[in-house]
Amino acid sequence: MSEKVSRELILVIDDEETIRDGCRQVLEKSGHAVITTGNGLDGIRIAREKHPDLVFVDLKMPGMSGLEIIDVLLEDIPYVVLVVITGYASIVSAVESMKRGAYDYLPKPFTPDQLRAVTKRGLEHRNLRIEAKMLRDAKEQVEKDFITFVSHEMRSPLVTIQQYMEALKIVAGGCLSGEAVDIIERCDKRIRNLEDLVEHWLDISRIDNGTLIREKGLLDLPGIITRGMEDMKPLCEKREITLEKDVPEDLPMIIGDGESLVRVFVNIIGNATKYTSAGGRIFVRAEYDNHYVSVSVCDTGRGIPGDNLPFIFEPFYRVKGEVEDQRGSGLGLAFCKRIMEAHGGRIDVSSEEGKGTTFVLRFPR
Ligand SMILES: Nc1ncnc2c1ncn2[C@@H]1O[C@H](COP(=O)(O)OP(=O)(O)OP(=O)(O)O)[C@@H](O)[C@H]1O
Ligand SMILES: [Mg+2]
């Protein structure tokens, strides 16, 4: 019968020979490879050369302090786990070494069981850290691949199709029947919807991988609100919806990315416009206290049923109405939520079906 033996390498740096020998015996019995040394500088040299998985370091040794060894090893050896051996009941030095990055400590004298337990925990901790890093890398790669895929395989052909349609209109010009022109217009509109969806989608991925918001600066929120409102004004007029605001002149500055915040306001006010019928009203109000600056966008539209509310910030989620009168991808609010989070802020919603909806954007001051 063969037992699975793990060969993690453990280095023991301690000037007491009995400790070194004791550790070696116990750890080798558990199946680990063990190197020991009584000298700090030697320990560092061996660690740099062999890259141990776990190192036990005596805090009190002649020549070089354990804390110094900890600093060097953590800097030089990737994923190494350090356990400090404390020779005297000094909780203070143990705490200090853990602050610097040691994983745990083992007070002398210790039993073989204690040694085995801390070794097992330490090695598990190391494996988890490595796994987490691998998952993070893989996720980052998937996100990058996704952005490249969507922009090359979807956006580019869409743009080309649209250009061909334009060309078709010019080439065929007057020869097309009214019906044919109508069909082309419909294709055109659908393609534009698809383009919007792809853009939204790309933006969300760019927020997630940190490439959408690169630089933040001091922002004048009233200016941003005004830009968002200006953008939606023509649509409001067309739909006979009143758009008003109450924004104090002395609203404190916030830190953020102006362009993405304008788009947040365009999205929120755009929704209010889309889901409010003629004669309705949209009101934008800004307020602040010692800690936050808040902007609420309140409409008198159709509202959102309570059982849908928890989901509306999810990508692609749309409330199914009796009649599907408004087009959309369901990505607008997902975008807004992520942008707000990237600003350390939040977005909340309250709504009453048939009465109206209020979105509140809250920024830290
Ligand atoms: N002010 C509002 N009043 C009523 N319903 C709303 C309002 N804002 C959002 N909703 C509901 O929440 C859903 C999600 O909104 P979201 O902005 O994410 O997507 P969308 O408007 O459908 O599409 P788009 O991606 O074009 O913005 C909408 O489909 C709508 O049902
Ligand atoms: Mg929307």
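How many nonpolar, polar and charged residues does the shell around ligand 1 have?

**Figure 1. The shell of residues around ligand 1 in the predicted model.** By class, this shell has 9 nonpolar, 10 polar and 3 charged residues. In total, 22 residues surround ligand 1, and the closest are Asn-271, Val-319, Gly-328, Gly-332 and Leu-333. Two elements give two or more residues to the shell: α8 (258–274) and α9 (332–342).

**Figure 2. The domains of the protein.** Here we step back for a moment. The domain assignment gives domain 1 (9–110), domain 2 (138–208) and domain 3 (217–364). Between the C-alpha centres of domain 1 and domain 3 there are 56 Å.

**Figure 3. The open sheet β2-β1-β3-β4-β5.** This sheet has 5 strands, and their pairing is parallel. At its edges are β2 (33–37) and β5, each of which pairs on one side only. From one strand to the next, the twist averages 20°. Take a look at β3 and strand β4 (residues 81–86): they run parallel and are joined by 5 bridges. Asp-58 stands opposite Ile-85 in β4. Helix α4 (residues 91–100) packs on the sheet, where α4 touches β4 and β5. The direction of α4 makes about 170° with that of β4.

**Figure 4. Helices α2 and α3 side by side.** How do the two helices pack, and at what angle? Helix α2 (residues 40–50) and helix α3 (residues 66–76) pack at an angle of about 10°, and their axes are 11 Å apart. Angles under 35 degrees count as roughly parallel, and α2 and α3 are therefore roughly parallel to each other. On the α2 side of the contact are Gly-40, Gly-43, Ile-44, Ala-47 and Arg-48, which meet Ile-69, Val-72, Leu-73 and Asp-76 in α3. Sorted by class, the residues of this contact divide into 5 nonpolar, 2 polar and 2 charged.

**Figure 5. Two backbone details, at His-51 and Pro-109.** His-51 has a positive phi, near 50°, in a residue other than glycine. You can find His-51 in the loop between α2 and β3 (54–58). The second detail is the peptide bond from Lys-108 to Pro-109, which is cis, with omega near -5°. Pro-109 has its place in the loop between β5 (104–107) and α5 (112–172).

**Figure 6. The open sheet β7-β9-β10-β12-β11.** Which kind of pairing does this sheet of 5 strands have? The pairing is mixed. The edge strands, β7 (242–246) and β11 (346–352), each pair on one side only. The twist from one strand to the next averages 15°. Within the sheet, strand β9 (residues 281–288) pairs with strand β10 (residues 292–299) in the antiparallel sense over 7 bridges. Ala-286 stands opposite Val-295 in β10. Packed on the sheet is helix α7 (residues 221–238), which touches β7, β9 and β10. The direction of α7 makes about 170° with that of β7.

How values were computed. Residues numbered from 1 in each chain as written. Chains lettered and ligands numbered in written order. Predicted model: local features only at pLDDT ≥ 70, side-chain atom pairs only at ≥ 80, totals over all residues. Near = placed C-beta within 6 Å. Helix = DSSP H or I, 4+ residues; strand = E, 2+ residues; numbered from the N terminus. Nonpolar A, V, L, I, M, F, W, Y, C, P; charged D, E, K, R; others polar. Domains from an automatic or database assignment. Axes fitted to C-alpha atoms, helices over the stretch in contact; angles between N-to-C directions. Parallel < 35°, antiparallel > 145°, perpendicular 65-115°, else oblique. Contact = placed C-beta atoms within 7 Å. Pairing = 2+ DSSP bridges.
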